[in-house]
Amino acid sequence: MQTHFTETQLADPGTKRANDILRACVHCGFCTATCPTYQVLGDELDSPRGRIYLIKDMLENERVPDEKTVKHIDRCLSCLACMTTCPSGVHYMHLVDHARAYIEQRYKRPLGDRALRWMLANILPYPMRFRLALLAAKLGRPFAPLIPDARLRAMLRMAPKRLPPVSRNDDPQSFAPTATSTATPVAAPKLRVALMTGCAQKALNTDINDATIRLLTRLGCEVVVAQGAGCCGALTHHMGREADSHAAAAGNIRAWMAEANGAGLDAIVINTSGCGTTVKDYGHMFRNDPLADTAAHISGLACDISELLTRLDFPQGAPKDLTVAYHAACSLQHGQKVKSAPKDLLKRAGFTVVEPADSHLCCGSAGTYNLMQPEISVQLRDRKVATLMARSPDVIAAGNIGCMMQIGQGTETPIVHTVELLDWATGGPKPRALTDVL
């Protein structure tokens, strides 16, 4: 794609990066075939190619974003399926993130939108605030039909029926490797890894981190929860709130480097794939910052839990009479290019693994998307649930809490994190979601 940025414009690192990405696009349109919003809405401007044209025009002309441009950029899920299918290597993620930051700085949203986005940015990344909000949502759910704003109704529906108690495993501490006569022998070599405990996940489902710690220590890892680590910054980053997201990311970088400089770290393990995609991109986020080298080092240590488990001697399990439908989170399969590891591990553990049709398409969760764009999100969720149920699974497994919450609203089939099944298969407790149904 031909661009016409001036030398003055290209002096800005964000604009320069956008220019490089735009020039890689050859207008082929392959991205439209895998874009969920284009499939649902059928509007060229709701496809990656259409959004690229809008972004190019906005940035080149240094326009104050208009309502039309903002609407179509807001409708993007950032599922990154377009990056998987693009033959030209267009890094759409960096482009749309830059566009969102540009919009956040220059576009004055309606008061209701500003208030809603402020509330999400100041509640979701903070586990205790989020817990209180979820409790309030449970109380307000009976009144949902009376609320005119579909986004507020979606927030009320999000509240789970029960909130787990706070897990003390999420406190800063270290867990030593374990081995018992009934458990799998400790794997070699021993690794020292930092576990990212996250933010929203700690409020919604404490079983995931607990299962991760049990499994990794059983396989010979020392697991560290670092003092000062918290939200990865993804939620605010995808809202264009760069100052907030970079502050959260910088806190993590410093916390994990303190551990690396102390007793050393072999990996930073992440069990929420949306967070993992962001942490792996810290090197890019801080490329023009004094933290650049440190951020790049942290990104190099980051890995999904399934990636780490493939480095360990994961035991072969006996066949189990349980069919698992594996849902591939977009942030894992498209954002991190981790596709086979979770399925291979589940099969190795003894489960029968099936996949839905169109497994590359998003479930409609996408961070805060299901709250900000509920109508589109519900269509994508129902489509995903239908394809999963067509495989007649006993349980659904996913590697991202957002997907789990989203899909769980559309089916009675239990849904668990992949690591919960792997923990159970190697000596851990039966996942809570399965105890009442299997």
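Trainee: Why is Tyr-282 called buried?

Mentor: Buried means under 20% relative accessible area, exposed over 50%, and partly exposed in between, using a 1.4 Å probe and protein chains only. Tyr-282 has a relative accessible area of 0%, so the residue is buried. Keep in mind that this is a predicted model, where local features need pLDDT of at least 70 and side-chain atom pairs count only at pLDDT 80 or more, while totals for chains, interfaces and linings use all residues. Residues are numbered from 1 along each chain as its sequence is written, and side-chain values use heavy atoms, leaving out hydrogens and water.

Trainee: And what makes Phe-286 count as buried?

Mentor: Its relative accessibility is 3%, so Phe-286 counts as buried too.

Trainee: Why is the pair of Phe-351 and Trp-424 called tilted?

Mentor: Good one! Rings of Phe, Tyr and Trp (its six-membered ring) pair if their centres lie within 6.5 Å; planes under 30 degrees apart are stacked, over 60 edge-to-face, and the rest tilted. The centres of Phe-351 and Trp-424 are 6.3 Å apart with planes at 35°, so this pair is tilted.

Trainee: How do you know whether Trp-424 is buried, exposed or partly exposed?

Mentor: Trp-424 has 27% relative accessibility, so Trp-424 counts as partly exposed.

Trainee: What places Arg-106 over the ring of Tyr-102?

Mentor: For a charge over a ring, NZ of Lys or CZ of Arg must be within 6 Å of the ring centre and within 35 degrees of the ring normal. The charged end of Arg-106 sits over the Tyr-102 ring, 3.9 Å from its centre.
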